[in-house]
Amino acid sequence: MSGSEGAVPPPTARDLVGPNPAGPLRRVSLAVRAALRPLLDEGDAVVLVGVSGGADSLALAVTAIDQCTRLGVGVHTLTVDHGLREGSAAEAAGVAELMGGLGAHADWESVEVGGPGGPEASARDARRDALLRRAGSLARSGGRRVVVLVGHTMDDQAETVLLRLARGSGAGSLRAMSDLVRLPDGTVWCRPLLGIRRADTRGACRQLGLDWVEDPTNAPDGPWRAADGGALRRAAVRSGALPALERALGQDPVPH
């Protein structure tokens, strides 16, 4: 008997999630299922998940791979390397390898970050452009609609509302990010986790036994700085403004 005959295959996303998950993993899985099922019922489609390796996108990707596997739907993942810190390419390649092992058609891509709006906005634009390019390529090669999933949570939504209010967006800022956007070319941009807390995506990753990547740019003392030398605005809202509101109001403001 060769050594490989008795080897146990690595677990897939379906193995990790299981038939009846509990706790945070259940909440994430149900949110992804509720978002995906109606879109997939509309007709032939392929799913593309943006995966940074952070807890939000990792929890999203694993549960999406699980759902797509059960439904017989092709699922792809794309990890974008912004090339802004040492070792980021190897990190992106490692995330793609993990996703491939869990059952996705996984890939990663390096992009150049630059342009107006500072490093945070430029990185966001470059990441979105990379996902849209990949969606276009998948649509052309398979003749199917592409559903793009990204991992923004309720906490991201609260931060966005405060940032837009501070920048003078007025009542329009209360709309914040949409959970579903249909683009002119037929691509669907979907955020299944806008009703899920960041604590739940981390809890789901712990249940899955997966370590996530902590992006140093999300920290108030991270390597990127705002024009005035302070923390990036979203990092400042996350670490300072929202906790201050909670203390002042005596309740968690995020769900509101």
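Predicted model: local features only at pLDDT ≥ 70, side-chain atom pairs only at ≥ 80, totals over all residues.

Biologist: Why is Asp66 called buried?

Modeller: Asp66 has a relative accessible area of 1%. Buried means under 20%, so with its 1% Asp66 is called buried. You will find Asp66 in helix H3.

Biologist: What is Asp66 in contact with, leaving aside its neighbours within four places in sequence?

Modeller: Asp66 is in contact with Ala13, Arg14 and Val17, once those neighbours are left aside. Contact means heavy atoms within 4.5 Å. Another pair to look at is Asp66 and Leu102: they are 36 residues apart along the chain, and their C-alpha atoms are separated by 8.8 Å.

Biologist: How do you know that the span of helix H6 agrees with what a helix should give?

Modeller: H6 covers residues 154-166, which is 13 residues. The expected span is 1.5 Å times one less than the number of residues, so H6 should span 18 Å. Its end C-alpha atoms are 19 Å apart, which agrees. Several residues of H6 are buried, among them Met154, Ala158, Val161 and Leu163. Just after H6, Gly168 takes a positive phi of about 85°.

Biologist: What makes a group of residues a nonpolar core?

Modeller: The largest core here has 39 residues, and Leu36, Val47, Val49, Met99, Val147 and Leu149 touch the most other members. Among the elements that give two or more residues to this core are helix H1, helix H2, strand E1 and helix H4. H3 gives the most, with nine residues. Apart from this core lies another, of 14 residues, including Leu48, Val111, Ala130 and Leu138. As a general point, nonpolar side chains tend to be buried together in soluble globular proteins.

Biologist: What makes strand E2 mostly covered?

Modeller: Seven of the seven residues of E2, residues 75-81, are buried. In a regular strand the side chains alternate between the two faces of the sheet. On one side of E2 are Val75, Thr77, Thr79 and Asp81, on the other His76, Leu78 and Val80, and all are buried.

Biologist: How do you know that E2 pairs with E1 and with strand E3?

Modeller: Two strands pair if there are at least two bridges between them. Four bridges join E1 to E2, and these strands run parallel. E2 and E3 are joined over six bridges, also in the parallel sense. Both counts meet the cut-off, so both are called pairs. To find them in the picture, look for Leu48 opposite His76 in E2, and for Thr79 opposite Trp108 in E3.

Biologist: Why is the crossover from E2 to E3 called right-handed?

Modeller: Point the strands away from you; a path from the first strand over the helix to the second that runs clockwise is right-handed. The chain crosses from E2 through H4 to E3, and this crossover is right-handed, so that path runs clockwise. E1, H3 and E2 also make a right-handed β-α-β unit.

Terms used: Residues numbered from 1 in each chain as written. Heavy atoms only, no water. Buried < 20%, exposed > 50% of the residue type's maximum accessible area, 1.4 Å probe, protein only. Core = buried A, V, L, I, M, F, W, Y, C linked by side-chain atoms within 4.5 Å.
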